[in-house]
Amino acid sequence: MLLASLVNKRNKTRRDIITKFLSKHQLSKEEHDALKGPDIDQKFFDALKSVHQIHNDCKALLRTQHQRAGLEIMELMSEYLESAYKKLYKWVRNEFNHLNKEVPEVHKYLIAALIALKDRPVFLSFCLENVSAVRGKAVVNAFLSAVSGQAEGSSSTKSPISLHAHDPRRFILDMAAFLHQQLAEEIGLVNDLLAGWDKESPEFGKTKRELLNAAMKDTVHPFKVRLFGVLKDNPGIVLLYQLANVLDFYGKRFVEFLGQDADLSVAFFDCKKETMNVFFTALNKQAELMKRAPPVPPSDLSPPHEVHETVNRLTDIIAIFDSSLITPEERETELSVILNVIIDPLQLACSLSSSKLGKIEQSVYMINCLSAIQLALEKYEFVKGKLSLLEESIQVYITQLVDLQASSILQDCGLIAKLSILKYNESLTSKVPLNSQPGMSSGSVKQCSIAFESYLLEFGTLSMPLIERLLSNKYRFEVRQKISTRIIEAYTIFYNTVTDPVNGYDNPESLFRYKPDQVRTILIADV
């Protein structure tokens with residue numbers, strides 16, 4: 001009786017151990033049904049988690065005397081896992097096929113499914129390729145629908161972007177803005193799909209960029225076709241630069257979210273490059289035309305219509321440039337090229353057009369043309385280099401103008417001839433009194449002085465009408481001041497030399513009505 005009791009107790013203990021072992025290393029009926037059933041829900045993921053736990057627990061049995069049991073259970077769990085992952089894979093692909101709408105809804109268990117499939121990289125890769133293809137088709141259809149109102153499966157009721165094709169800037173801007181908005185929506189979708197991933201991991205960043213690039217890349221071709229169609233119609237120079245600026249702006253936005261190697265990022269910068277090529281071709285063509293047929297200088301020596309037109313175009317381009325997001329480093333390089341292509345040929349055309357003018361008229365005309373260009377640039381901080389070069393060119397013409405005008409005035413007064421005699425007399429080895437030189441008698445000096453004084457009283461607009469044609473108040477004042485200074489210097493030399501006792505004049509002060517300081521006062525007051 002005692003023996004039977006011990007046997008029963010031992011059997012019960014064994015049954016309890018077996019029951020406990022099986023409960024720990026086998027799936028429950030509910031878990032089994034969840035794995036094998038048609039649905040993907042929270043029960044499925046809980047069962048999948050249990051299979052993983054049992055599989056890992058059995059690894060410990062391999063280090064005990066229960067290796068056979070451990071291997072058998074592991075093999076069974078492996079079969080469960082493969083079956084479950086195949087089921088999950090098919091379900092995910094099916095769900096991804098439902099993401100073909102412009103505004104898709106993400107199934108609440110897709111996030112968990114993608115996390116689970118990370119244990120099966122091949123399945124995950126196939127699923128990501130699937131969603132990339134689905135979203136790529138959906139995005140390009142949405143783009144084509146937005147542009148033309150016609151696309152496969154589109155239900156859009158908005159006015160198509162192509163209605164504004166007659167306005168190239170708005171047409172390209174609206175297309176780029178749509179792509180930017182679509183990218184924002186794709187970012188939201190991808191963030192939802194990868195919500196359970198580690199945001200700091202390289203895997204997350206790489207997968208996100210790949211999905212976004214795949215979703216957007218099919219829009220590249222239709223966008224380029226339409227842009228090149230606009231470029232083929234030869235839009236204006238300013239419009240071309242506006243388009244390049246739009247492409248640069250959105251290209252940088254796409255780089256920020258997609259990376260610089262993404263198809264859309266590369267495409268937009270390629271499009272900008274092509275647009276700038278057309279832009280520079282148009283500028284060079286215009287420069288060549290101006291070179292072959294320089295503008296005719298107006299009778300008042302003001303800048304001709306062609307100069308004003310080019311300056312206005314340049315102002316528009318700089319204004320666009322000033323409002324862009326180009327970095328300071330890029331500004332100096334890019335704008336320098338544009339300024340050279342516009343200003344240098346314009347300056348050459350003005351020089352060619354002035355070739356038939358008199359020397360003084362030529363200087364006045366060139367100062368007016370260059371100062372018109374300068375005026376368009378001077379309010380922009382980032383064109384200081386070109387402003388400096390323009391100022392140097394203007395000063396060359398101012399020096400030429402002052403020399404010519406001052407010489408003309410001194411010639412009319414007779415002072416040029418007298419100063420030449422003074423210079424000759426100074427060069428003689430044996431000095432002789434100046435009044436003994438031909439043309440330097442007291443009467444001749446008095447006659448020259450009277451002629452100068454007569455001119456002095458008329459000094460102003462009537463005596464320098466060409467100087468008054470300078471449009472810039474600043475340069476007109478500068479030229480008149482420098483001419484006055486040149487005349488004062490010449491008169492001072494003449495006066496001081498004649499009144500020097502060594503030159504033999506009796507009462508030389510009586511030969512002059514004004515002393516040099518009085519002449520300075522009169523001329524500076526007239527300036």
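The legends below describe close-up views of a predicted model of one protein chain.

Because the model is predicted, local features need pLDDT of at least 70 and side-chain atom pairs count only at pLDDT 80 or more, whereas totals for chains, interfaces and linings use all residues. Residues are numbered from 1 along each chain as its sequence is written, and side-chain values use heavy atoms, with hydrogens and water left out.

**View 1. The chain as a whole.** The protein chain has 19 helices and 0 strands, where helices (H or I, at least four residues) and strands (E, at least two) are DSSP runs numbered from the N terminus. Of its 527 residues, 45% count as buried; buried means under 20% relative accessible area, exposed means over 50%, and partly exposed lies in between, with a 1.4 Å probe and protein chains only. Among contacts between residues at least 6 apart in sequence, 71% join residues at least 24 apart, a contact being heavy atoms within 4.5 Å.

View 2. The buried residues of α16 are Leu415, Lys418, Leu419, Ile421, Leu422 and Asn425. They cover an arc of only 155° around the axis, which puts them on the same side of α16, the arc being that of the directions from the helix axis to the C-beta atoms. On the other side of α16, Lys423 and Ser427 are exposed. The buried residues of α16 pack against α15 (384–413), α17 (442–458) and α18 (473–498).

View 3. The 17 residues of α17 should span 24 Å at 1.5 Å a residue, and the end C-alpha atoms are 25 Å apart, which agrees. Buried in α17 are Ser444, Val445, Cys448, Ser449, Phe452, Glu453, Tyr455 and Leu456. Phe452 is buried, as is Tyr491. The rings of Phe452 and Tyr491 have their centres 4.6 Å apart and their planes at 15°, so the pair is stacked; rings of Phe, Tyr and Trp (its six-membered ring) pair if their centres lie within 6.5 Å, and planes under 30 degrees apart count as stacked, over 60 as edge-to-face and the rest as tilted. This pair links distant parts of the chain, with Phe452 in helix α17 and Tyr491 in helix α18, 39 residues apart.

View 4. By the ring-pair rule, the count comes to 16 aromatic pairs. In one of them, the rings of Phe254 and Phe268 have their centres 4.9 Å apart and their planes at 80°, so the pair is edge-to-face. Phe254 lies in helix α10 and Phe268 in helix α11 (residues 263–292), 14 residues apart, and the pair thus links distant parts of the chain. Phe254 is buried, with a relative accessible area of 0%, and Phe268 is likewise buried, with a relative accessible area of 0%. Ring pairs link Phe223, Phe249, Tyr250, Phe254 and Phe268 into a cluster.

**View 5. The largest nonpolar core.** A nonpolar core is a set of buried Ala, Val, Leu, Ile, Met, Phe, Trp, Tyr and Cys residues joined through side-chain atoms within 4.5 Å. Of the 153 residues in the largest nonpolar core, Leu88, Val92, Phe279, Leu377 and Phe494 touch the most other members. The largest share of this core, 12 residues, comes from helix α10 (residues 237–258). Leaving aside residues up to four places away in sequence, Val92 touches Leu110, Ala113, Leu114, Leu117 and Cys127.

**View 6. The surroundings of Lys87.** Lys87 lies in helix α4 (residues 67–97) and counts as buried at 16% relative accessibility. Its side chain reaches the backbone oxygen of Asp39 at 3.0 Å. Not counting residues up to four places away in sequence, Lys87 touches Ala34, Leu35, Lys36, Gly37, Pro38, Asp39, Ile40 and Phe44.

**View 7. Two loop residues with positive phi.** Most residues other than glycine have a negative phi. Leu301, in the loop between α11 and α12 (305–322), has a positive phi near 65°, and at 3% relative accessibility Leu301 counts as buried. Asn507, placed in the loop between α18 and α19 (516–526), has a positive phi of about 45° although it is not a glycine; at 52% relative accessibility, Asn507 counts as exposed.

Notes:
Polar contact = N/O pair within 3.5 Å; in protein donor to acceptor, adjacent residues only side chain to side chain. Expected span 1.5 Å × (residues − 1).
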